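Colleague: I have a chain to get to know before class. Can you walk me through it?
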Amino acid sequence: MEKYIVTGMDCASCSARVERTVSSLEGVESCVVSLLTNSMTVTGDISPDKVEAAVNAIGYHAKHVTDSTPTVVVKEKGKLDKNTKWLVTRLSLSVVLTCVLMYFSMGYTMANFPLPKGMVESPMSVAIVQMVIALVVMALNAKFFINGTKGMLRLSPNMDTLVSMGSLVSFGYSVYIFALIVIDERAGNIASATHQLHGLYFESAAMILTLITIGKTLEARAKGRTTSALEGLLRLAPKTATVVRDGVEMVVNVKDVVVGDIFIVLPGDQIPVDGVVVEGRSALNESALTGESIPVDKEIGDSVSSGTMNVSGYLKCRAERVGEDTTLSQIIRMVSDASATKAPIAKLADKVSGVFVPVVLGISLVTLIVWLSLKAPVGEAIIHAISVLVISCPCALGLATPVAIMVGMGKGARNGILFKTATSVEQAGKVKIVAFDKTGTLTEGNPTVVGVYPATGVTETELLTLATALEQHSEHPLAKAIMRKAVCENIETKAVEDFEILPGHGVKATLDGVTLEGGNRVFIEAICTIPEDVKEVAETLAEEGKTPMYFVADGVLKGVIAVADVIKKDAIEAVKHLHEMGVKTVMLTGDNQRTAKAIAKEIGIDEVVAGVLPDGKEKVIRQLQKEGAVAMVGDGINDALALTVAEVGIAIGAGTDVAIDAADVVLMKDNLTAVPNAIRLSRHTLRNIKQNLFWAFIYNVISIPIAAGALTPVGVSLSPMVGAIAMSLSDIFVVGNALRLNLLKLFETKQETDTKHTLSCDCGDVNCGCCEDGHNDCHCDDHREEHCDDHCSCHNEHHEDHTENTENTEETNMTKTMKIEGMMCPHCENRVRKTLEAMDGIESAVVSHVEGTAVLTLTKDVDNDLLKKTIEDQGYPVLEIK
């Protein structure tokens, strides 16, 4: 994808012309032009020189820029760029001169404002003053005439064409009237000449230009605010860094910092590049990247990101990522690229913008002909035609979508929510279902010891000492959890002999002549008798989503240690917010059904799909898509395929390279409440776009007929000056409405909550009346069953977990249940499940290491001996198949 800066575009017709021209070039696969940022992205096999030449040939100027060059130019705060300065100067002079002109035209001719006696006696002198002032205003605003004429010559008329034609026609007709005034005055007919002054429209010629310039100035200022978020990110990029080379501190340009450099950051300074702390301790304000205002403590070994602010202490860091590879650079590039994309909802507006100006020119001509055919005065017919020209507004159509998208993405960027494309903003606003990966997303991703239950006569320290000695050489995640617990409790790790891993069972070793063994219930029951009270405790732990591990010394049970993956502290709140917004939640996990159900129940998840491997998550997402648009939330590594398949892939956390590549939305902070915030922001942005498009279309649909004189018979008509004001306000309304998104409070979801559920009829409408009382045969989009009356069929009835859904389909699918020995943890389950689902004829397998079973859903009969041999080859004895 190549990026270009395109100058000379003034309205949506211009951007549509550029887009059509470049898209027609051989080798171009796609082209997107942004009127808001004056940028263009081109995908395909074509040289930049050819693209630039094609754009330049139609009267615009394109300049190829490198991928790292942002499409938004950062202006120094408080200063105006050269073009804006001239625009303000031009506006000031035009306003002053137009006010003087209005004094002569309206003030004198209509309100009898005083004039010098010589001018009162000479109507021609009054007309000359008006004509000269109008000419000066037109000269100041020659840009409209130059661009408008170029557009006509290229057979691509634009907004400037409409404005310039309206002004020129007013001026030309006024020159004709001026000639009549000259004739009357020279003939001595002063009264007739004075009366003819009422027919002059020099003030309209000037006022049209002045009002449009006012609108353009206000629009430019408002549009500048829409890109403030990206400009803010660009300003974060430090210009220099203090590095240590050969033992000497020196200040260098940040571009000269290389990987491995040691750099120093003092309190109040910004981190120049991404790195790792090697000395010192401090707190960093990372709000610019994550939206989190609370400073984050950093010490030796912690990572730091470019653009964050050192708040308190001295830091010495080693550069890890520099230049375009830093987190800040990636964010800037992502936001910049996203601003140059288009949302699908903008397609209709783009199509209309492409033919808008020629259609308006045609309507204006027809208006003139119709009024002349009705025997209306020539001046009146011309005024109606001019009003049509100046009141029409292609810019409102062109700006309706991009300004809202830009403001929405800027709002997200300031709060650590990065949308990669405009499409992702639109799609996120349509999400009805959010599917979460469990491990690392809803949970911390690191198994933790959550309970130590020693047998009678054994202390917790003794049990942990035994377990630590036994598990120290194991690489199993559950073993590592026990070792971390031992470190926290200062448990001594004793050396063992004859360490042995028993696949599918557990581990075994010798400590000072004592045989130690640890593993799952099936393994331990073969060694010793487990007391009933211990069994009850273990079963309770399993039902709570925890994995019980049994430990034995010389055939005597010493106790049970429970290990579980801890739920993230904000998971419950995030799911609650999603429910308040009417979004269904689903949890995808490779864990066993009992553990998954326990975790889902604690969090409040609507539906559980357990026992699913990464490659199986894609199938689940496709199935969920039958119910509505799906957002997949994961860490972006194991969930890459599911993130890609879902309408919206959301990578949570600091954003690894895989996450950025696979996801549509990247959340820069490891906070699950950012998920409902992203959806909420997208919904408001989508709503804002629809409001803008409605206004842009309805404005033109209503105003053009009125300007043409459709309501003149009932006494309603619009002058060209009123039309110019209306056209300018139309643009300002669209931009101003988009800027309201900055007022949205992201972290308060109560605004999205509806006290009643939304009823959606099978016809696709809401409360359409197709159903009796608006309820019969309708479906409740709110998943809280208590809000549904007897007439409503609540989706909650269909939110049973994966096992229940499987059981409901067993009437039509062949099933087999295998009794398997030796599975002791979720990893064993995954191994057995993956092996079974790889076999021909097996659609799915629900495996539980707690129950020691595998429930198979078959598409055809599979030989029992083959099933038994396949699983036993993996080290797990098969006791029974039925």
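Modeller: Start with a term: two strands pair if DSSP finds at least two bridges between them. Helices (H or I, at least four residues) and strands (E, at least two) are DSSP runs, numbered from the N terminus. This is a predicted model, where local features need pLDDT of at least 70, side-chain atom pairs count only at pLDDT 80 or more, and totals for chains, interfaces and linings use all residues. Residues are numbered from 1 along each chain as its sequence is written, and side-chain values use heavy atoms, with hydrogens and water left out.

Colleague: Which strands pair in the parallel sense over 4 bridges?
Modeller: Those are β15 and strand β24, residues 630–634. Within β24, Met632 is the bridge partner of Ala435.

Colleague: How many bridges join β15 to strand β22?
Modeller: There are 5, and β15 and β22 run parallel. β22 covers residues 584–588. Its Leu588 is the bridge partner of Asp437.

Colleague: What holds paired strands together in general?
Modeller: Strands of a sheet pair through backbone hydrogen bonds, either parallel or antiparallel.

Colleague: Why is β15 largely enclosed by the rest of the structure?
Modeller: Because 5 of the 5 residues of β15, residues 433–437, are buried. Buried means under 20% relative accessible area, exposed over 50%, and partly exposed in between (1.4 Å probe, protein chains only).

Colleague: Which residues point which way from β15?
Modeller: Ile433, Ala435 and Asp437 point one way. Val434 and Phe436 point the other way. All of them are buried.

Colleague: New topic. What order do the strands have in the open sheet of 3?
Modeller: The order is β10-β9-β12, with antiparallel pairing. The edge strands are β10 (296–298) and β12 (309–310), and each pairs on one side only. Strand β9 (residues 282–285) pairs with β10 over 3 bridges. There, Ser282 has Lys298 of β10 as its bridge partner.

Colleague: Now helices. At what angle do the axes of α6 and α7 cross?
Modeller: At roughly 115°, and the axes come within 8 Å. α6 is residues 142–153 and α7 is residues 159–186. Axes are lines fitted to C-alpha atoms, for helices over the stretch in contact, and angles run from 0 to 180 degrees between N-to-C directions. That makes α6 roughly perpendicular to α7. The classes are: under 35 degrees roughly parallel, over 145 roughly antiparallel, 65 to 115 roughly perpendicular, and the rest oblique.

Colleague: Which residues make the contact?
Modeller: From α6, they include Phe144, Phe145 and Met152. From α7, they include Asp160, Val163 and Leu168. Contact means heavy atoms within 4.5 Å.

Colleague: Let's jump to α27. Is Ala696 buried or exposed?
Modeller: Ala696 is buried, with a relative accessible area of 0%. Ala696 lies in helix α27, residues 674–707. Not counting residues up to four places away in sequence, Ala696 touches Ala396 and Leu397. Ala696 and Val734 are 38 residues apart in sequence and 7.8 Å apart in space, C-alpha to C-alpha.

Colleague: And Asn677, buried or exposed?
Modeller: Asn677 counts as buried, at 2% relative accessibility. Asn677 is also in helix α27. Asn677 and Leu578 are 99 residues apart in sequence and 9.1 Å apart in space, C-alpha to C-alpha.

Colleague: Last one. How many helices and strands does the chain have?
Modeller: The chain has 31 helices and 33 strands. Of its 882 residues, 53% count as buried.
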